[in-house]
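Hi there,

Here is the structure I promised to pass on to you. Please have a look, and read my notes next to it.

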Amino acid sequence: MIELVGLTKRYGEKVAVDGLTFSVRPGIVTGFLGPNGAGKSTTMRMILGLDRPTAGDVRIDGRHYDQLKDPLTYIGALLDAKAVHGGRSAYHHLLCLAQSNGIPDRRVAEVLDTVGLTAVAKKKAKGFSYGMGQRLGIAAALLGDPQILMFDEPVNGLDPEGIHWIRNLMKSLAAQGRTVFVSSHLMSEMALTADHLVVIGQGRLLADTSMAGFIRQNSRSYVRIRSPQRERLVDVLHEAGITVVEAGGGTLEVEGGKAERIGELAARYGVVLHELSPQQASLEEAFMQLTAESVEYHAHAGPMEVPQDWGAGWKGA
Amino acid sequence: MAAVQVIRSEWTKIRSVASTVWTLSLTVVVTVALGTLISALSRSQYDRMPVRERLSFDPTVISFAGMTLGQLAMIVFGVLVVSNEYGTGTIRVSLAAVPQRGTFLFSKIAVAAALALAVGMVTGFAAFFLGQAMLGSLGTKIGEPGVLRAVIGSGLYMALIAMFSMGVAAMLRSAMLSLGILMPFFFLISNILGNVDATKKIGRYLPDQAGSRIMQVVPRIGDDTPYGPWGGLGIMVLWVIAALAGGYALLRKRDA
């Protein structure tokens, strides 16, 4: 259990983390979502006692991080895959960490096996690919067999096989009753792994909700219609008690999954249709709407404009 | 957090990187080789030396002549031990494992200083015996008054130089910045300040000048240094304490 109460971090005038209050519970994967620069990494560093909060408090199982005896046995974290001395072998990197927390040496071989790095255990870390570095970081997090695990953007830079592996790893850790807290800036990624969702933007809490609840609220389904006889169609639907919205570009939208009904009505009244397509708004769009005002690095000076087909290839969620 | 665990961990850290081996072996090789060479040269030049120089001829100091250069490798060792953590970002991993920052820093320094002391002692004794062998009849013996103190002192001096460098690196974090300050300071500035009359009185309170007094056996003619061999080493220890205290204060205060 990680508990944050009014956690705040200020760098001079700039507020990086602004009064965050939420809890990360055991037994589920909690996704920590926010655009780049939202304060996710800063929050995680404060949880680990690396950065000092300007105000507020964060506790792990009721205690401050530096009050934990052998902290790696309580909480394991992956912050930065590149945080390894290039001249040191994977084995020695993990051995130093194990020794500092009184973890038996044999655990090093065990976690190297878990992440699949046994073959390169004695190789210098500077020869590692990004994905291998990520696996080494995860091995370090698992070293003390902790009840709480924290991963900062673990799928970044990984190949599809690695991404698949991490998703399953996080789910199985949560299934063992552990607390899993994972950050990402991709909604689609969270939708696949997280049971609970904490969304922040510009350091502020925007949502703290179950994944199922978030999907229910935000994945809007509607029907898109194009017709050369717009006015007539609107009248017909109106009489049938169906609300139609003008969606720009000559298209009409109807909430809900009423495509069959609309098709039948159009046929009965002889209205020509050029398009009648059921649509599903993606979670990515919902997330972008939620954080739109708090996105720090806009591509343009004005509010972010997203082309309709933007990301169509990958935002399957 | 048991300090013993952290010391074990720091020992694994220090022995698992190549820079430890090459900086320390360079220290030994450069100091001993150069000391031996200068001892051999001094012997062949002795007859042509002015009387004044012959009277203050200190065979012990001459055998340590290689240390001026050899200590630079020791400085690199001290700087890298600390700055490696920052250059690679492992400082965050290390401090997440050992959140007690004092325990972390002083365990690291204790391990590195013990290693530097061992290497310093080996270097000191090797440089002394090889140097005296080259000096032949002009040489001295380990049993002569003050000589053993000077040889042991040379090992202490090396360890203190390394510790001072660790303190500076803990304050500055960057290896380039630390070396950019320490190298010219010990190799040039300190020598210049110590040899120009106007600044001599200040120069002799600098860590290396005060500390190296311990290696001197025969007093220089007209020497008015206000401290003795142990007094000089004490001044160096104060510098080391100041550097380490500064490093600790900043580590405690800073976000990692």
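Below are my notes, starting with conventions and then going through the two chains.

Residues are numbered from 1 along each chain as its sequence is written, while chains are lettered from A and ligands numbered from 1 in the order in which they are written. Please keep in mind that this is a predicted model: local features need pLDDT of at least 70, side-chain atom pairs count only at pLDDT 80 or more, and totals for chains, interfaces and linings use all residues.

Let me begin with chain B. Its secondary structure comes to twelve helices and zero strands (both are DSSP runs numbered from the N terminus, helices being H or I with at least four residues and strands E with at least two). The radius of gyration of chain B, taken over C-alpha atoms, is 19 Å, close to the 18 Å that the globule rule (2.2 Å times the number of residues to the power 0.38) gives for 256 residues, so chain B is as compact as a globular protein of that length. Along its principal axes, the C-alpha trace of chain B spans about 65 × 35 × 30 Å. Of the 256 residues in chain B, 46% are buried (20 or more other C-beta atoms within 10 Å of the residue's own, with C-beta atoms placed from the backbone).

The unreviewed UniProt entry annotates "transmembrane region" over several spans of chain B, including 104-130 and 230-251; such annotations may be inferred rather than shown by experiment, and positions follow the numbering used here. In the model, residues 104-130 of chain B are 100% helix, with end C-alpha atoms 39 Å apart. Residues 230-251 of chain B are also 100% helix, and there the end C-alpha atoms lie 31 Å apart.

Now to chain A, which has an open sheet of three antiparallel strands in the order β2-β1-β4 (two strands pair if DSSP finds at least two bridges between them). Strands β2 (14-24) and β4 (55-60) of chain A stand at the edges with a single partner each, so one side of each is left without a neighbour in the sheet. Five bridges join β1 (residues 2-11) of chain A to β4(A), and Leu4(A) stands opposite Val58(A).

What about the interface? In total, 26 residues of chain B are in contact with 30 residues of chain A (C-beta atoms, placed from the backbone, within 7 Å). On the chain B side, α1 (3-15), α2 (18-45) and α6 (90-97) each supply at least two residues.

Best wishes

Key:
Two residues are in contact if their C-beta atoms, placed from the backbone, lie within 7 Å. A residue is buried if 20 or more other C-beta atoms lie within 10 Å of its own, exposed if 12 or fewer, and partly exposed in between; C-beta atoms are placed from the backbone.
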